[in-house]
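Here are some friendly notes to read alongside the model. Take them in order, with the structure open beside you.

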Amino acid sequence: MLESRAIGAEPLIRVENLTKHFPVTRGLLFTRTTGQVKAVDGVSFTIGRQETLGLVGESGCGKTTTSRLLLRLERPTAGRVLLDGRDVHALTGADLSAYHTRVQAVFQDPWSSLNPRLRIRDTIAEALVVNRRVSRAGRLERIEEVLHQVGLSPGAASRYPHEFSGGQRQRIALASALASFPELIVLDEPVSALDVSIRAQIMNLLKDLQAQQQLSYLLVAHNLATVRYIAHRTAVMYLGRIVEHAGTESLYRSPLHPYTKALFAASLPADPDAPREDLILSGEVPSPIDPPSGCHFHPRCPFAMAQCSRVDPELKAAAPDHMVACHLY
């Protein structure tokens, strides 16, 4: 497992062998299980305090399921998510309420993530009402404070979501996540639904808030430029597994896994004149119901060897602060 940047410090979040399999059933009256979708298949990582971990990969690779497991929106089939050493899926009562104040989320679509029937002040205050005992005066003060932090005026509190643009709605969603004084915010594609001109503003806001509020982020994204700009470390997922994990700049400068190289080759370059390695993948992404034996990537890998179809490669250090699951290393 690749540890967080803070050497010697206990990470805020530790994920150990996290697994989530969804049953595949047939029949209406008499259902039977015919297989399992291996959405997340033995994932391990840490997130340090005031650190951003980026999670990238193609659609269906398990990124969103991993984030839902951290948020307790799904229960794991196996493995653990530890917050300060405590299994979050075993928390109850006051400990569970405390967890919900410490871990919040901002989702992809700002148009559907806000309740259209609630005024902005009621949306932001919800986390305070549910998880913290805060007076009415305290709630109003906190609402005004977080609106200011995300660049909105106090007058926005009395308005409804439909009165705002997409970028403003995402700021409101972020204000709602900040209201309970969280330590970790899960960002699931936070800028992908926004206009390009607005994306940079939101990304800069996220970085500023992290520095000011001492936040940690789990950033789930498919836009590689977004991840490179925000994340301190990046993990690459393929068919439910992490195949490469490194410091972001190290990963982007020298990707090792063939899948990571193909992922970068398929993205638009920041400099069109810069030399780049063209790596074209053959075939389609295999089904997570019946993934290939050995290395899951071997049917599409141009460098596949005989052992790749038989032996599942372990995630091992190939360089300082750089881990890869590939028999080439």
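1. Start with the open sheet of 8 strands, whose order is 6-7-8-3-9-10-12-11, with mixed pairing. Strands here are DSSP runs of E with at least two residues, helices are runs of H or I with at least four, and both are numbered from the N terminus; two strands pair if DSSP finds at least two bridges between them. Strand 6 (103-106) and strand 11 (316-319) each have a single partner strand, so one side of each lacks a neighbour in the sheet. From one strand to the next, the twist averages 25°.

2. A word on the source: this is a predicted model, in which local features need pLDDT of at least 70 and side-chain atom pairs count only at pLDDT 80 or more, while totals for chains, interfaces and linings use all residues. Residues are numbered from 1 along each chain as its sequence is written, and side-chain values use heavy atoms, with hydrogens and water left out.

3. Next, look at one pairing. Strand 10 (residues 241-247) and strand 12 (residues 322-324) are antiparallel partners over 3 bridges, and Ala 246 stands opposite His 322. Helix 9 (residues 258-265) packs on the sheet, touching (heavy atoms within 4.5 Å) strand 3 (52-56), strand 9 (233-238) and strand 10. The direction of helix 9 makes about 100° with that of strand 9; such angles run from 0 to 180 degrees between N-to-C directions of lines fitted to C-alpha atoms, for helices over the stretch in contact.

4. Finally, the charged pairs. There are 16 salt bridges (a side-chain nitrogen of Lys or Arg within 4 Å of a carboxyl oxygen of Asp or Glu). Glu 51 and Arg 233 form one of them, at 2.9 Å from N to O, and they lie 182 residues apart in the chain. Are these two buried or exposed? Glu 51 is buried at 1% relative accessibility, and Arg 233 is buried at 1% as well. Buried means under 20% relative accessible area, exposed over 50%, and partly exposed in between (1.4 Å probe, protein chains only). Arg 49 and Asp 84 form another salt bridge, at 2.6 Å; Arg 49 is partly exposed at 43%, and Asp 84 is partly exposed at 34%.
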